[in-house]
Amino acid sequence: MVIKIILLVVFFAVMLGIGIYSRNKAKNVNDYVLGGRTVGPWISAFAFGTSYFSSVVFIGYAGQFGWKFGLASTWIGLGNAFIGSLLAWLILGRRTRLMSQQLDAKTMPEYFGKRFDSKALRVAGSVIAFVFLVPYTAGVYNGLSRLFGMAFDIDYRICVIIMAALTAAYVVIGGYMATALNDFIQGIIMLIGICLVIGAVLAGKGGFTEAVKQLSLVPTDPTVTTEALADGQGLFASFFGPDPLSLLGVVILTSLGTWGLPQMVHKFYAIKDEKAVKTGTVVSTFFAIVIAGGCYFLGGFGRLFGDAPGIVDAETGKVAYDSIVPAMLSSLPDILIGVVVVLVFSASMSTLSSLVLTSSSTLTLDLIKPLKKKKMTDKTQLRLMQIFVVCFIAISVVLAFNPPTFIAQLMGYSWGALAGAFLAPFLYGLYSKKITKAAVWASYILGVCFTIFNMIVPVIKSPINAGAVTMIAGLIIVPIVSAITPKPDQEKVKEIFTCYDKTVVVKETENLGE
């Protein structure tokens, strides 16, 4: 217990110290929200990666999908790395940085409002972002409950309050730069921690080969796969697992979904220069391979711990997915459990800080500022954002204290609604001059209304698959609606797209020329 507490105290002290150190770099709105658009490659890459992966992935998703798909769940992590990170940086990174600066947009709703010349789109986007980011934040807290039940003999709510207070302190004081610097340190902790944990867990099962052998002997659970594959042996150690179609849905939602999440895309707004884009692409992809690939790979061995108390209810046969990973870690030495606690805290705080900063900035800049008749000073906007940081954290803490039973499912709906509403118009808006205002509204309506309808009447039972379908539908509908609705003012659009046509001078080492 002493070791665990010492590790946490040191961790908290470093986080708070960085917040204080960054206070001089957050004296105006641009610096507070974007770090003055001067964030370097390594910090940008780690900020992207640590915002991507939280306790929801470590505790919830790794346990749930590892149990359902076995070792094939590793594909989810690889999809996160190559689709959610590599392709996101290649396709969105540079263009997002250039166009957001051209439009002077600091948030995703502000991008929609200025790109498509509509204050209503901006306001509606801010409401969607706020509503569906709240349950996401509560889910981050909720993922910590099982872990702290295993590691500490104290009320998990005390840990939530400490975590919330610390996050609020360094975000309010230091803004984006504080979160980015903390993300860098937290990312290093995550990289080291996941490698140590995987090695220790597999060693406890006789090593990698022996663990895979044991997993291959586990019969398929007929409740989570198709009848044709029921009771098949060896599928949990196979290449695509017992249910490849459902696995594909998870890969699409958790990978492609990041392209439309405001807190993820926001990282591209703050990139410093071309070098930061190139280096950030490589570093971010490597980070995701290790962290996401490692988490789901570890979760793939969850069924080897199926006899641990609290995982499977003897009467109902239901599986407590959130208990799987803590059960896998419970037999580790105290020093490693301490590392795991700091690891999950790091993942959760980095995601949480990104979420609260995104929510507070979009409420201030995209909802209150456009609707307020009098012009708001820079100082007023900054103070409002800091107040909303505290309010947003307080709301999520209340939800985390007494989370509804569907909070895990709501995570899938949260991603589905946000990415379903934002992904298609954001992506097409960066590349095409033909996308119309009506198409953006169509995407908003599709993403939100289908998600809410499916929550009430589950046409698609899995919220993960529902979210994946919503995103793909948006990518189809936006160009169709744009083709049949009035075109935007081409002169204004051409002016916006001039950001891609400006001539710059570079060294011969960067461009061979003719």
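Helix α9 (residues 156-204) and helix α16 (residues 378-401) pack with their axes 10 Å apart, at an angle of about 165 degrees. The angle makes α9 roughly antiparallel to α16, a term for angles over 145 degrees. Axes are lines fitted to C-alpha atoms over the stretch in contact, and angles run from 0 to 180 degrees between N-to-C directions; helices are DSSP runs of H or I with at least four residues, numbered from the N terminus. Among the residues of α9 that make the contact (heavy atoms within 4.5 Å) are Tyr156, Val160 and Val171, and the α16 side includes Gln386, Ile393 and Phe401. The residues of this contact divide into 13 nonpolar, 2 polar and 1 charged.

This is a predicted model, in which local features need pLDDT of at least 70 and side-chain atom pairs count only at pLDDT 80 or more, while totals for chains, interfaces and linings use all residues. Residues are numbered from 1 along each chain as its sequence is written, and side-chain values use heavy atoms, with hydrogens and water left out.

Helix α9 also packs against helix α13 (residues 274-299), at an angle of about 35 degrees and with the axes 10 Å apart. Here Met190, Ile194 and Val201 are among the α9 residues that meet α13, whose contributors include Phe287, Ile291 and Phe297.

Phe297 is in turn one of the residues in contact with Thr74, together with Gly293 and Tyr296, when neighbours within four places in sequence are left aside. Thr74 lies in helix α5 (residues 74-103) and is buried, with a relative accessible area of 18%, where buried means under 20% (1.4 Å probe, protein chains only). The side chain of Thr74 reaches the backbone oxygen of Leu71 at 2.8 Å.

Terms used:
Helices (H or I, at least four residues) and strands (E, at least two) are DSSP runs, numbered from the N terminus. Buried means under 20% relative accessible area, exposed over 50%, partly exposed in between (1.4 Å probe, protein chains only). A polar contact is a pair of N or O atoms within 3.5 Å; within protein, one must be able to donate a hydrogen and the other to accept it, and residues adjacent in sequence count only if both atoms are side-chain atoms. Angles under 35 degrees count as roughly parallel, over 145 as roughly antiparallel, 65 to 115 as roughly perpendicular and the rest as oblique. Ala, Val, Leu, Ile, Met, Phe, Trp, Tyr, Cys and Pro count as nonpolar, Asp, Glu, Lys and Arg as charged, and the others, Gly among them, as polar.
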